[in-house]
Amino acid sequence: MDREFASPLDVESLARGAHMSAGHLSRQFLAAYGESPYSYLMTRRIERAMTLLRRGDLSVTEVCFAVGYQSLGTFSTRFTELVGVPPSVYRERGAEVRPGMIPCIVRQVTKPVRNREARPASSS
C-alpha cells in the first residue's frame, strides 16, 4: 500500500494477494498497525498530498488526482480532517518546516493526525 497508494486498492484484492479472507486481513492489519487498511491507505495518500502541496508546482486538483482520490470534495474533507486546514490553505502556508531541520523532526511536524484530532490552525 505504501508503494501503490495512488492505485485503487480494496481489502478484498489485498486479502487475495496475501491468501487470506478480507476479515482476517483486516483484523491482522489492525493488530499490526493500529488502524484499518483503509485508514492506513488514506493517511498515506494525505501524507503524499502534503508533500506535493508543499512543492507548490501542482494545483490542489492535480494533487487530488495524483494521490488517488476520485473526488476533490472527498479529498478536501479528508485532508482538512487530518491536517487541520484545507489543502488550498496548506498549499499557501505549508508546514512549519525550517531550513536545516533534521528529517525526523520534519516527519513529526508534517505527519497527518488521525481520527479528527488535527490541531486547529493558528491564526496569523
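## A first look at an all-helix chain

Met-1 sits in the segment before helix 1 (11-17), where helices are DSSP runs of H or I with at least four residues, strands are runs of E with at least two, and both are numbered from the N terminus. The model is a predicted one: local features need pLDDT of at least 70, side-chain atom pairs count only at pLDDT 80 or more, and totals for chains, interfaces and linings use all residues. Residues are numbered from 1 along each chain as its sequence is written, and side-chain values use heavy atoms, with hydrogens and water left out.

Let us stay with Met-1 for a moment. Met-1 counts as partly exposed because its relative accessibility is 21%; buried means under 20% relative accessible area, exposed means over 50%, and partly exposed lies in between (1.4 Å probe, protein chains only). Setting aside neighbours within four places in sequence, Met-1 is in contact with Leu-9, Leu-14, Phe-29, Pro-37, Tyr-40 and Leu-41, contact being heavy atoms within 4.5 Å. Its C-alpha atom is separated by 9.8 Å from that of Tyr-38, 37 residues apart along the chain.

### The chain as a whole

The chain has seven helices and zero strands, so the elements run α-α-α-α-α-α-α from the N terminus on. Of its 124 residues, 31% are buried. Among contacts between residues at least 6 apart in sequence, 57% join residues at least 24 apart. The accessible surface comes to about 7800 Å², and 53% of it belongs to carbon and sulfur atoms; such areas come from the Shrake-Rupley method with a 1.4 Å probe, and for residues only the protein chains shown count as cover.

### The largest nonpolar core

In soluble globular proteins, nonpolar side chains tend to be buried together. A nonpolar core here is a set of buried Ala, Val, Leu, Ile, Met, Phe, Trp, Tyr and Cys residues joined through side-chain atoms within 4.5 Å. The largest one has 19 residues, and those touching the most other members are Ile-46, Val-67, Tyr-69, Phe-75, Phe-79, Val-83 and Tyr-90. Helix 3 (37-55), helix 4 (60-66) and helix 5 (72-83) each supply at least two residues of this core, with helix 3 giving the most, seven residues.

Helix 3 holds Arg-44, which counts as buried because its relative accessibility is 12%. The side chain of Arg-44 makes a polar contact with the side chain of Glu-47 (2.8 Å). A polar contact is a pair of N or O atoms within 3.5 Å; within protein, one must be able to donate a hydrogen and the other to accept it, and residues adjacent in sequence count only if both atoms are side-chain atoms. Just after helix 3, Gly-56 takes a positive phi of about 85 degrees.

At the start of helix 5, a side-chain oxygen of Ser-71 reaches to within 3.3 Å of the backbone nitrogen of Gly-73. The buried residues of helix 5 are Phe-75, Arg-78, Phe-79, Glu-81, Leu-82 and Val-83, and their cover includes helix 3, helix 4 and helix 6 (87-93). Gly-84 follows helix 5 with a positive phi, near 100 degrees.

Phe-75 and Phe-79 both lie in helix 5, four residues apart, about one turn of the helix. Phe-75 counts as buried because its relative accessibility is 0%, and Phe-79 is buried with a relative accessible area of 0%. Not counting residues up to four places away in sequence, Phe-75 touches Ile-46, Ala-49, Val-60, Val-63, Cys-64, Val-67, Tyr-69 and Pro-87. With neighbours within four places left aside, the contacts of Phe-79 include Ile-46, Ala-49, Met-50, Leu-53 and Tyr-90.

Rings of Phe, Tyr and Trp (its six-membered ring) pair if their centres lie within 6.5 Å; planes under 30 degrees apart count as stacked, over 60 as edge-to-face and the rest as tilted. By this rule there are six aromatic pairs. Phe-75 and Phe-79 form a tilted one, 5.7 Å centre to centre with 50 degrees between the planes. Ring pairs also link Tyr-69, Phe-75, Phe-79 and Tyr-90 into a cluster.
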